Structure formats: structure tokens, C-alpha cells
Amino acid sequence: MEKLKYERPIINKIKAGVPDKYGMSTRVQIKTDIEGIPVKDIVNQYGSPVFVLSEKTIRETYQEAHRAFQSRYPKVQFAWSYKTNYLDAVCQIFHDEGSWAEVVSGFEYDKAIENGVPGNKIIFNGPDKSDADLKKAVENGSFIHIDHFDELYSLMRIVKKIGKKAKVAIRVNMDTGVYPKWDRFGFNYENGEAWNAINRIMLTENMDLVGLHTHIGTYMMTTNAYTVAAGKLADLAVKTAQKYKHHIKYIDMGGGFASKNTLKGAYLPGKDTCPSFDDYAEAITSALINSEIDPEHLPVLFLETGRALIDDAGYLIGSVLANKRLSNARRATIIDIGVNILFTSFWYEHEIYPGQACSQQTEDTTIYGPLCMNIDVIRESIQFPLLQKNDLVVIPRVGAYNMTQWMQFITLRPNVVLIDREQNLHLIRKKETNEIFKNQEIVPKHLKNKKT
Amino acid sequence: MKIKSNIAISDNGFMFDPYSGDSYNLNATAVAIIKLLKEEKTRDEIIEDFVRKYDVDTFTFEQNLDDFLAMLNHYDLVEQSS
């Protein structure tokens, strides 16, 4: 006799509530493959957990963003934000698509050079540039975005000493009507600090003020803030042209475009509420075109968006380690993906899909990571189907920041693989080993071989 | 373990507890367990019955059953032994 199909028994209390016109589908979606490759096969080959990146999605997303701006503004240049994901394979895809490099440290700068990016196609941002970094950037003809007066004066000393002209821009912070105001980076627009910096640069020999830069925040849900910001940078460019007959060559609007992830506390999913590339492009380009900038000297528009270009291309596959009941009878599922490798779970309600066919029966579940730490919570509350130990789960939209902000904490960082456009799998970052960490440590002689 | 006598359950998994006024949704395997409990089958008898009829091994079912019985207890749907 053929046996009946088994599904673990479940009882759910029916909770009556006010009907919600925004009600979401309650159907359990599963994700059994990534670009046609079964997640089971990826785990069999590369272990669990494992990060998976899609080259096709990276390229398509870049092209969509580029098209949105290029179709509205004559001169557009993207620069890949290294801090968002600086795996060399990822950087190479963006450079191949035409992106320059946008770096924020000496480490990232050297990475860009090693990736074959010419010095004059590197934008050097951030508050931390050593004198050696600045000297290197000047000699390579990179674009140095000055963050504060201390850096400006350091650079003045360096160019005087080496007698070479530096190509510089200033980072400008401003009130764009959004909270929080990112005033810790750059020179303030409203109090006149940015204009002072421009004047100081214009009166310095060996400094060529080529650009103006701003980066108004992160995960910006409103495009209007970009209109305000572009307008304020355009005003500075116009004032500079009027006073010095000097035309700013580029305006760098930074990044901060939202990805389709859902922020914690958001009522509706990010994929339904975040502005599109077209929305951002319209806000920025119309502000520049409608400004008082002389059309004969329209600056190049630089964009450094990171998150929105890579988030969708990343997946994290993991496995169920255990199911348990909490003291209030709530279900808890422990998976082998912790906050140490999924850093973005601190601010996103990540979607989580079963990696195999499963029951449509769900329970309100808390999903924990494997770390022996109370903060290791991937989802506090999710209607999740009943998975058994070793079942697979897939978390989409993890391409941004996780592979740079991850921590070696309690466990080792896992393999990262890339699916190319022909659906071949490539290992692009090897799983770490105990040896790697042992090699970095030095035990003083008097503490060696102590018997316990 | 004994299910409270006047708890009503339909074949498609809708359960009503007249003591509390609460309603519950159950899946097919849960309905089957409730029926066995109503027939006053013991835990071991339920396990034997399930492993014979369903595509499940003893360890998995035993674990799932205990979890389910704990939920019945949590929702106060079983007679408390005196």
C-alpha cells in the first residue's frame, strides 16, 4: 500500500482583525533555483551557507540605471561604490560596463588600481585619506573629494611640495528636507562653509576645482531631496563661474538610492514603495537642466549609487539547524545564517524563502541565526512554513554591504559564488579557514605551550 | 492526553472551542491526530498508526507530535488530569 503524503501537524489560532485593503498574498513562495541552477546543487558543491551573485542581474540593473540617466542628460558617468561590494569579480563587472571606481580609503584605492582602473578614473571620497594616500592620488591624477578643512590644508602642503596639480572637488552637505541630515561629511552649504572652501581652493595654486559632490543620505525614499540637492550644487557652480570665470566640470550626486528591500517598521514592502531609477533620474537631471548653469558648460553628471545596483543580484542560501518552541509557544527556527554574515538584517525585514517544495501551512515564526548571541535575529516575526532540519532557505537581495560589512565572529565567512551569463558557477571568494586567522595571531613566548 | 469533550472539529480542519470562543485552523495531519485523540488513542498508538499510514519515520513524527500536543496544551484544548 502506498503511504500517504506526510505534512507535520499544525494548529493555528484564527485571529480576527480589521480587513486591510493592502493585504499581502499569503501563498508561500519558494525559491528552488537561482537563474536555473538548483539551490540544492549549489549547496552540495559549495556548502551552506553560501552567497550567490548573478552577473546577469548586475549587468541588467546597471544598464537600466544608466539608461534612465543617459536618456535624460547628455553626459553621465557612473562610478562603482567599492564599499558596497568590493569583491574583485564584482568590481570587474561594473568596470566592464563602463563604471569608474569610487573609493573611500587607501585600501579601496589600492584595490581599484589592482583591478586595472586608471588613476584618472578613480574618485577618492571619505574623511580618511592619509598624506600618503593623497600624494598617490595627486600623482595618479585621481579626483580627490575633499571632506574637511584639515584635509584641504594637508593637500595644499602636499601639492606645494611635489609641485603637481591636484584635481579636486568638495563634498557638500546640506538641508534637503530629509532626516537625518548627513552633515558629518563635507562642508555645509547653508552656513557658507562650502562657499568658503571653494574660495580657498580657487585661490590656491596647483589645485584645480573640477567638481562638486554631495551624498545626501542612504536608502532615500523621496526623490525630491535629490532635486533640492542638485539645485544647491548647481547654485555653487553658477556662483563659481560668475566669480572666477571657472566652469565646474562635473557634479557628483553620490548615491543613496533605495533598493527593493523592506526597511524595518515599513508598512508596505520596499519593492512596492521605493522610487525607480527613472524617478531618481528625473529628479536629478531636471534640477540640473533647469538650473542657471550655462548650457555651453553643462557639467558631467557623476553617480555613485551602490546599493540599488547590486542588492538584487545577491542571494544567501542557508539551512535549517533546528526548530523549537519559545516559552510562549511561539515557533522559532534556527538557521545557519547569522547577523555576522547578514549584517543588513539589522535594518531590513529580509524576505526568506524555502529552498524546496514545502507545505502551504505557516506559523508565525521567529528566525534566529546560529550565533550564541541574543542579538542574532534574522526575522523577528514571519509567517513561515514548517521546515525540517537541513531544509534549505534562500534570502534574496543581499548583494549590497553584506560582503563588505560581514564579520568573522564565532564562525568563518562562507564561500561566495558567481553565476555568469552562461549559467556557469564560479567561486569568487573562498570560505575562510582557521589557518587564515591563526596566521594573523602572535602568541608571546611566555604564553606559549602553557599547560592547563 | 484527552481532548476536551465538546470541542468541535470539521473534516476540513476548522476547530471551535466553546469554552473560550476561539477558533483554530488545522491541517490534514493535525485533524487526523485530533480524531485519534478523540478515540482515546495513546501517544504510542498514534505514532504507530501514523508511521504505518504516512510517509514519515518514527523519530520525525514523534518530534512533530510532541510539538503539536504541546500546542494543544498551550491553547488549553485538553483535559487536565486531576
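**Backbone geometry and chain contact in a predicted model**

With 7 C-beta neighbours inside 10 Å, A:Lys245 counts as exposed; a residue is exposed if 12 or fewer other C-beta atoms lie within 10 Å of its own, buried if 20 or more do, and partly exposed in between, with C-beta atoms placed from the backbone. This is a predicted model, in which local features need pLDDT of at least 70 and side-chain atom pairs count only at pLDDT 80 or more, whereas totals for chains, interfaces and linings use all residues. Residues are numbered from 1 along each chain as its sequence is written, and chains are lettered from A and ligands numbered from 1 in the order in which they are written.

A:Lys245 is not a glycine, yet its phi is positive, at about 55 degrees. It lies in the loop between H8 and strand S12 (250–252) of chain A; helices (H or I, at least four residues) and strands (E, at least two) are DSSP runs, numbered from the N terminus. A:Tyr219, likewise not a glycine, has a positive phi of about 50 degrees. The loop that holds A:Tyr219 runs between strand S11 (207–213) and helix H8 (224–244) of chain A. A:Tyr219 counts as partly exposed, because it has 16 C-beta neighbours inside 10 Å.

Two peptide bonds were also examined. The bond joining A:Ser48 and A:Pro49 is cis, with omega about 0 degrees, and A:Pro49 lies in the loop between helix H1 (39–46) and strand S4 (50–54) of chain A. The bond from A:Tyr179 to A:Pro180 is cis as well, with omega near -5 degrees. A:Pro180 is placed in the loop between strand S9 (166–173) and strand S10 (187–188) of chain A. Most residues other than glycine have a negative phi, and most peptide bonds are trans.

The contact between the chains takes 16 residues from chain A and 23 residues from chain B, two residues being in contact if their C-beta atoms, placed from the backbone, lie within 7 Å. On the side of chain A that touches chain B, the largest share, 3 residues, comes from strand S1 (residues 11–13) of chain A. S1(A) pairs with strand S3 (residues 23–26) of chain B in the antiparallel sense over 3 bridges; pairing requires that DSSP finds at least two bridges between two strands. The bridge partner of A:Lys13 in S3(B) is B:Tyr24.

The predictor gives the complex an ipTM of 0.94 and a pTM of 0.91. Chain B averages a pLDDT of 92, and 98% of its residues score at least 70; pLDDT is the predictor's confidence in each residue, from 0 to 100.
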